[in-house]
Amino acid sequence: MIRTTRATALVLLVALPLAACAAERSSPEGASDFPARTMTLSVPFPAGGPTDTEARLVAQAAGEELGQSITVRNVEGAGGVVLWNQLPSMDTSGHELVMFNLPHILSNPIVTDTDFDSSSFEYLVIQSVDPTAFFVRQESPFQTLDDLMAEAEANPGGVTVGTAGNWLAHHLAIIQLQQESGREFTHQPFDGSAPAVQALLGGHVDVASGNVSDVVRSGEGQFRVLAVASEERSDFLPDAPTFTELGYDVIMSSDRGIAAPAGVGEEQLEILREAFGNVAADEELQEELRQVGSDPVVFVGSEIDDLIAEREVVVRTLLEESGELSP
Amino acid sequence: MHIVAGFAEVMRPENLLIILVGVLAGIILGALPGLTPTMGVAVLIPFTFAMEPATGLLLLGAIYSGAVYGGSITAILLNIPGAPANVATTWDGHPMALKGEARRAINLSIVASVIGGLIGCTALLFFAPPLAAFALTFGPAEYFWVAVLGLTIIASLAPHGLLRGLISGGIGMFLGTVGISVVTGTERFTFGSTVLSSGINLVPAMIGLFAISQALRTVEDAASGRRKASITEVLGAGRFVATAMETLKGFRYWALGGVLGTLIGIIPGAGGQVAGPIAYNEARRMDKNRAEWGTGNPNGVIAPEASNNAMVGGSLVPMLTLGIPGSPTAAVLMGGLIIHGLFPGPDLFQRDADVAFTFLTGMIVIQFVLLIVAAMGAPYFAKVLKVPVQYMVPSIIALSLFGAYAIRQNIGDVIVAFVIGILMYFGSKLGLDAASIVLGLILGPIAERNLVLSIRAADASGTNVMYFFQNGLSLVLAGLIVASVATVARRHVLHRRAEASTRTSVDTGTGTGTGTGTENGTGTGTGIGTGTGTATAIDDTATDTRAVAFTKSNDLLFGVITLVLAVVATIPMALVGLSGGGWRLTLWPIVVLGSLALLAVVVLLLALSRSGDDAGPAGQRMSPEARTRTTVAVVMTLAYVVLAVAIGFYLSTVLYMLLAPFLLMRVKDAKNWKVVLPVAIGVTAVLYLSFEQFLGILVPSVVMG
């Protein structure tokens with residue numbers, strides 16, 4: 001019994017201060033002392049991927065800017081839907097933020113029954129773009145995009161294109177190219193970019209449609225980039241032509257940004273927008289982003305709303321005209 | 001040269017300290033169900049920002065290695081695998097614990113893990129480039145065959161017979177189809193529910209299948225006085241050195257496990273989680289004493305544990321050489337590399353040779369540190385068994401709640417875990433097998449995705465069926481599947497013959513003489529449970545030793561439930577098909593559900609062909625006392641989840657931990673408050689510290705508003 005009593009005392013010693021900590025957290029918070037506690041930034045994709053890496057870099061810098069640490073958590077699954085479906089029920093004090101990816105947040109609500117759409121977000125910043133690129137392995141017979149298009153013409157549906165999954169930028173770029181050229185490809189969706197790159201290197205798909213950062217992250221030497229779907233050549237791949245140069249109007253990218261759930265107060269949003277805007281514009285962070293294969297940009301405020309409205313039209317039209325939306 | 005320099009770097013005191021801390025933290029994380037190696041590595045990445053790249057990587061590698069080992073501790077002691085990789089360790093590890101050999105089993109798993117880890121890391125250090133080339137030969141067809149090969153394990157391991165094993169596996173595969181389709185990106189079997197559209201994630205499913213159902217079973221066992229005394233009394237005087245020598249002598253088992261684990265780890269996305277089961281199956285196949293497997297055979301611990309730790313080194317091969325991670329944890333590690341500006345890929349070893357070789361030699365040093373830390377910790381791990389049931393059970397349930405939430409911070413996963421846990425508790429009475437369900441859940445989606453990708457690739461290339469057999473590798477894999485099926489079939493034919501002869505003798509004895517014409521004709525299940533429960537011990541049928549005889553009514557109930565499930569679940573797929581939906585969405589579910597329905601019909605026919613009903617083994621019947629306690633346990637478990645959602649995790653945990661010991665057990669003594677109160681507060685405090693403070697996971701709580 002004595003031993004038990006001693007154990008009790010010990011446990012209480014540990015537990016009481018904890019209870020005190022917990023109580024402290026419950027104190028009401030106004031906008032003046034915002035942010036009042038540790039914040040979270042949720043990432044819709046697995047740890048280690050490009051979105052996650054970027055989130056961790058931004059979270060660290062923004063945490064310093066806001067004077068509170070920001071914890072990154074991974075809420076992965078169903079191409080981001082698992083996280084974004086939580087938006088309507090999220091804490092709207094401004095302490096819970098999410099990463100969002102374009103065009104994912106636009107295509108998902110069109111394709112499946114989601115609990116969110118583009119109006120469920122209060123956009124704070126878009127800090128990077130990652131253009132879509134078509135690339136092959138070094139051993140591939142396709143030296144140029146023309147070679148690929150010639151094969152697709154000679155053999156409709158005979159060219160397989162691997163991607164990281166359905167309804168991502170990489171899939172939409174294939175649809176764009178099909179609509180532009182009238183050719184037909186066989187889309188092979190894998191479970192993330194790593195398996196898609198692996199299938200490409202093993203010769204199990206003819207070409208991969210992926211991010212420029214996939215090429216950079218897995219080592220450029222293994223690939224030959226046929227075309228990049230950006231308006232101007234990518235800084236990472238200055239030798240790779242754009243689709244536009246080659247005569248196809250294919251513009252597609254995965255853009256990454258940070259948002260709060262709709263419903264966060266305007267005062268808190270002001271503080272967050274300013275902080276994340278400053279962070280995204282910071283030279284040091286931009287250099288870190290470049291190092292991990294992301295191309296830094298700074299979109300804030302109404303620029304984002306315009307961009308999203310514009311992309312939403314593009315994505316919807318593409319999907320509706322593609323005929324891939326089976327009932 | 002690089003190796004020597006790398007080794008010198010690793011031996012710097014601060015690096016050794018980091019390795020020690022990492023291994024220790026990894027073991028603890030790994031041992032707790034719901035906290036996976038992947039999560040452990042992800043949580044620590046930010047801490048590595050401030051470190052030298054090599055030091056940061058050593059920390060992550062140490063956590064990874066420690067966590068993969070740690071999962072075996074709870075697998076052995078509690079029959080709850082700490083992570084998916086340790087499922088196979090429960091099969092012989094836990095029976096050893098039940099026999100009072102917990103310490104010996106733990107020691108075996110330590111040594112086997114270290115040997116396996118060394119095999120994997122040596123392969124990584126010396127043979128990475130050729131092994132990476134091997135990984136690339138796996139395309140959709142090969143992945144499909146690997147998944148099917150994994151699924152044949154279900155048939156050969158099933159503890160309650162072939163039919164129940166296959167049905168369990170089928171249910172696992174069906175659960176794997178719920179949510180957003182892996183192939184089309186559209187929803188299936190979600191019925192508009194957000195909980196279901198997130199899919200059945202592996203970790204919450206495992207928590208339900210193993211932790212929660214095992215906790216409920218423990219209540220039942222304790223209430224009916226069936227909980228083995230040996231567990232709480234004798235822990236086995238496991239002398240470490242002696243056991244280490246014993247492990248080393250099991251050369252065939254650790255070598256096979258180590259090599260298989262390395263190879264499986266190298267194939268990205270094939271599910272490193274199945275390295276354990278595959279090694280277990282192959283090791284058992286080559287053992288003459290097959291019948292002893294599943295009853296606490298030391299080799300049944302050595303093979304899977306060597307295998308899953310070898311998988312660690314293997315999974316780093318394609319990550320470092322090609323930039324393609326071989327496991328989810330390797331993916332996180334790759335993120336850690338990139339953040340430090342180290343790009344994996346073919347030229348990593350030239351460009352950043354110093355860091356790369358420090359990491360690689362460090363991984364080998366880590367295995368030795370793991371050996372020392374685990375061997376020193378072993379006596380303390382085993383003490384877990386001394387925790388009285390009335391505290392053990394509620395603690396497991398509380399940890400399950402937090403663990404299920406932590407994986408994706410999704411309340412839906414908690415609901416999934418608890419619903420599956422309670423269903424599994426009842427299902428296990430009908431002969432459902434948790435490990436088979438898990439294998440189905442892991443391998444089903446891999447099989448589906450690659451089947452559809454293969455069909456599309458075959459169409460695109462015009463190779464048709466030949467696509468599945470177009471190279472040596474796919475032929476070898478298909479051959480292995482045939483061999484695996486043939487082994488199972490042969491065993492069952494032998495089994496049935498032996499049974500038929502037993503039955504004839506029983507029949508002639510009683511003089512009833514039913515159906516002499518059925519000799520080899522109908523079915524596996526017929527003989528089971530008929531006569532006087534004669535255990536037909538054929539060397540070749542390991543299944544028998546673990547088999548529980550099921551009564552006719554039990555068979556009927558099991559068959560009807562399975563059939564109804566299969567038919568009802570087919571309706572939404574049929575509707576999709578009728579409305580012109582794509583075959584890519586419906587093909588696999590229809591194959592799975594069709595097979596389930598077929599198996600259920602076989603179960604029913606066999607049950608109906610049995611003469612008369614018969615009493616089950618005495619062990620299956622529950623005393624009124626046990627029935628009450630078990631009902632209370634199930635209701636309390638449900639109430640706990642509801643309460644957790646309503647008033648927050650911490651408050652409900654304190655309340656639950658306060659009430660559970662009194663309600664679950666016949667604890668009358670009021671003096672017990674002196675233990676119950678501190679335990680309740682202590683467990684909640686530990687959960688708070690580890691989740692909120694260490695892992696940074698904010699669980700729902702009223703305090704947070």
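**Chat notes on the model**

Reader: Which residues does B:Glu448 touch, not counting residues up to four places away in sequence?
Author: B:Glu448 touches B:Thr177, B:Val182, B:Val183, B:Arg188, B:Arg584, B:Trp588 and B:Pro589, leaving aside residues up to four places away in sequence. Contact here means heavy atoms within 4.5 Å.

Reader: Before I go on, what kind of model is this?
Author: This is a predicted model, where local features need pLDDT of at least 70, side-chain atom pairs count only at pLDDT 80 or more, and totals for chains, interfaces and linings use all residues. Residues are numbered from 1 along each chain as its sequence is written, chains are lettered from A and ligands numbered from 1 in the order in which they are written, and side-chain values use heavy atoms, with hydrogens and water left out.

Reader: OK, back to B:Glu448. Is B:Glu448 buried or exposed?
Author: B:Glu448 is buried, with a relative accessible area of 1%. Buried means under 20% relative accessible area, exposed means over 50%, and partly exposed is in between (1.4 Å probe, protein chains only).

Reader: And which helix is B:Glu448 in?
Author: B:Glu448 is in helix H21 of chain B, residues 434–461. Helices (H or I, at least four residues) and strands (E, at least two) are DSSP runs, numbered from the N terminus.

Reader: What about B:Ser652, buried or exposed?
Author: B:Ser652 is buried, at a relative accessible area of 0%. B:Ser652 belongs to helix H27 (residues 649–664) of chain B, and B:Ser652 touches B:Tyr640, B:Leu643, B:Ala644 and B:Ile647, not counting residues up to four places away in sequence.

Reader: Switching to helix packing. At what angle do H5 and H6 of chain B pack?
Author: Helix H5 (residues 89–98) and helix H6 (residues 102–136) of chain B pack at about 150°, with their axes 7 Å apart. That makes H5(B) roughly antiparallel to H6(B). On the H5(B) side the contact is made by B:Gly93, B:Met96 and B:Ala97, and on the H6(B) side by B:Ala102, B:Arg104, B:Ala105 and B:Leu108.

Reader: How are those angles defined?
Author: Axes are lines fitted to C-alpha atoms, for helices over the stretch in contact, and angles run from 0 to 180 degrees between N-to-C directions. Under 35 degrees counts as roughly parallel, over 145 as roughly antiparallel, 65 to 115 as roughly perpendicular and the rest as oblique.

Reader: How many residues of H5(B) are buried?
Author: Nine of its ten, so H5(B) is mostly covered. Among the buried ones are B:Trp91, B:His94 and B:Pro95.

Reader: What's going on with phi around H5(B)?
Author: Just after H5(B), B:Gly100 takes a positive phi of about 90°. B:Asn79, in the loop between helix H4 (53–78) and H5 of chain B, has a positive phi of about 65° although B:Asn79 is not a glycine. B:Asn79 is buried, with a relative accessible area of 19%.

Reader: Cis peptides next. Which residues does the bond with omega of about -5° join?
Author: That cis peptide bond joins A:Phe34 and A:Pro35. A:Pro35 lies in the loop between helix H1 (2–25) and strand E1 (39–43) of chain A. The peptide bond from A:Leu102 to A:Pro103 is also cis, with omega near 5°, and A:Pro103 is in the loop between strand E3 (96–102) and helix H4 (104–111) of chain A.

Reader: How many helices and strands does chain A have?
Author: Chain A has eleven helices and ten strands. Buried residues make up 59% of its 327 residues.

Reader: Last one: where is B:Val568?
Author: B:Val568 lies in helix H24 (residues 552–578) of chain B. B:Val568 is partly exposed, with a relative accessible area of 48%.
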